[in-house]
Amino acid sequence: MSEAMKLFEVFIRSKRGLDHKHVGSLHAEDAAQALEYARDVYTRRSEGVSIWVVESSMITASQEDDCESFYDPLDDKPYRHATHYQLPEAVNNM
Amino acid sequence: MSEQHEQIFQNRIDAEEKIEPKDWMPEAYRRNLIRQISQHAHSEVIGMQPEGNWITRAPTLHRKAILLAKVQDEGGHGLYLYSAAETLGISREELIDALHEGRAKYASIFNYPAITWADIGAIGWLVDGAAIVNQVSLQRTSYGPYARGMVRICKEESFHQRQGYHIMMTLARGSADQKHMAQDALNRFWWPALMMFGPHDSESAHSAQSMKWKVKRQTNDELRQKFVDQSVAQAEEIGLTIPDPDLIWNEKRGHYDFGEIDWDEFAQVIAGNGPCNRQRLTHHRRAHEDGAWVREAMVSYQKKVQQRREAA
């Protein structure tokens, strides 16, 4: 494999109205080529109506190992959930 | 060529397919969406004011934490909606300018003051309740990013209405004074909540075209009826009275009949002469200007990071 090849992440929208969903990655020289490769590899069975390719190096990701501290400020707020509020049965479908 | 495009576009909508940002779309559809989505976004953000007003005065720490979380959510909803509008090729700055210059509207309800704690209950129960009726319908709007934003917002919004109703329920079951306070809030917010659905279908400037494009899926009057129907039982459950002498179950229609809205009041508030219009816009402008240094600092920091990276 050539050293110049870059890694791209591939996202596919299976149907209009739905979000693009990550399906995998591939190597390509540039974005246009990545799009064609993605078509050839990831949509052989009509899996989608639209493809996004993004250079993997462009993605900034949080680390799962950091979950505890990263999400800590959000974990003690049960009142953000609808089920926190006990309402009479007659109106409970609110 | 454009006629052919227009046909493909309308066929897609008629077939219940979503329109996505990179699709061809008529200029009027784009403009109509920018108007509606930005109005929706501005409503979320301006709506933080009447409630934010009570964060420091909530009766318990628990209620204060809840209210803070709710107001934070509204800010987040504004963000989702501004982002959806931006996929149509307009910048955040242009959208905010339009609000500040009065070219863009927001929901008229937020021009009413929240003068007692019970108003926070009434806002959650009725104002968020009315917004949810509208937003549930908009989950099926034809523009993909708007529809997906609505799905997310509806999911988060369910706690807002329940916490409001819970406040009303607690007051209604409390002392005579507390019950009176709850009834007073209902009296003041009921009619403005009904106005949130906009003019009658026969008077609505944008309705017919929006329905054809499926930007709107149900008419103003249909949504208003749905809201009235669901609210009556909720009021009865906690012993409060909806302030409408004409409100009566209509067996034949299978719906409640209700009285006429004071459309002069609605027109006045829309025209900028509601109780708090000037205060709301002045506050938003001031907050935006006071926050300018934060935006400038972020740009300046980014430049320094860039320079350091280049020097290394």
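Modeller: A helix crossing is right-handed if the near helix is turned clockwise from the far one by less than a right angle, and left-handed if anticlockwise. By that rule, helices H4(B) and H5(B) cross in a right-handed manner.

Biologist: What should I know about the model itself?

Modeller: It is a predicted model, in which local features need pLDDT of at least 70 and side-chain atom pairs pLDDT 80 or more, while totals for chains, interfaces and linings use all residues. Residues are numbered from 1 along each chain as its sequence is written, chains are lettered from A and ligands numbered from 1 in the order written, and side-chain values use heavy atoms, without hydrogens or water.

Biologist: At what angle do H4(B) and H5(B) pack?

Modeller: H4 (residues 61-86) and H5 (residues 92-100) of chain B pack at about 115°, and their axes are 10 Å apart. Helices here are DSSP runs of H or I with at least four residues, and strands are runs of E with at least two, numbered from the N terminus. Axes are lines fitted to C-alpha atoms, for helices over the stretch in contact, and angles run from 0 to 180 degrees between N-to-C directions. H4(B) and H5(B) are therefore roughly perpendicular (65 to 115 degrees; under 35 is roughly parallel, over 145 roughly antiparallel, the rest oblique).

Biologist: Which residues make that contact?

Modeller: From H4(B) come Leu79(B), Tyr82(B), Ser83(B), Ala85(B) and Glu86(B), and from H5(B) come Arg92(B), Leu95(B) and Ile96(B); contact means heavy atoms within 4.5 Å. By class, there are 5 nonpolar, 1 polar and 2 charged residues in this contact of H4(B) with H5(B). Nonpolar covers Ala, Val, Leu, Ile, Met, Phe, Trp, Tyr, Cys and Pro, charged covers Asp, Glu, Lys and Arg, and the others, Gly among them, are polar.

Biologist: And how does H4(B) pass H6(B)? Which hand is that crossing?

Modeller: The crossing of H4(B) with H6(B) is left-handed. The axes of H4(B) and H6(B) (residues 117-138) come within 13 Å and cross at roughly 40°, so the two are oblique to each other. Arg63(B), Leu67(B), Lys70(B) and Glu74(B) of H4(B) meet Trp117(B), Ile120(B), Gly124(B) and Asp128(B) of H6(B). That contact of H4(B) with H6(B) divides into 3 nonpolar, 1 polar and 4 charged residues.

Biologist: Changing topic: how much area do chain A and chain B bury between them?

Modeller: About 2,000 Å², with 58% of it on carbon and sulfur atoms; buried area is the accessible area (1.4 Å probe) that two parts lose on being put together, summed over both. Arg16(A), Tyr85(A) and Met94(A) supply 37% of the area that chain A buries against chain B, more than any other three residues. In total, 18 residues from chain A and 26 residues from chain B take part in the contact.

Biologist: Where does Glu20(B) lie?

Modeller: Glu20(B) is in the loop between helices H1 (2-14) and H2 (27-46) of chain B and Arg13(A) in strand S1 (residues 6-13) of chain A, so the pair joins two chains.
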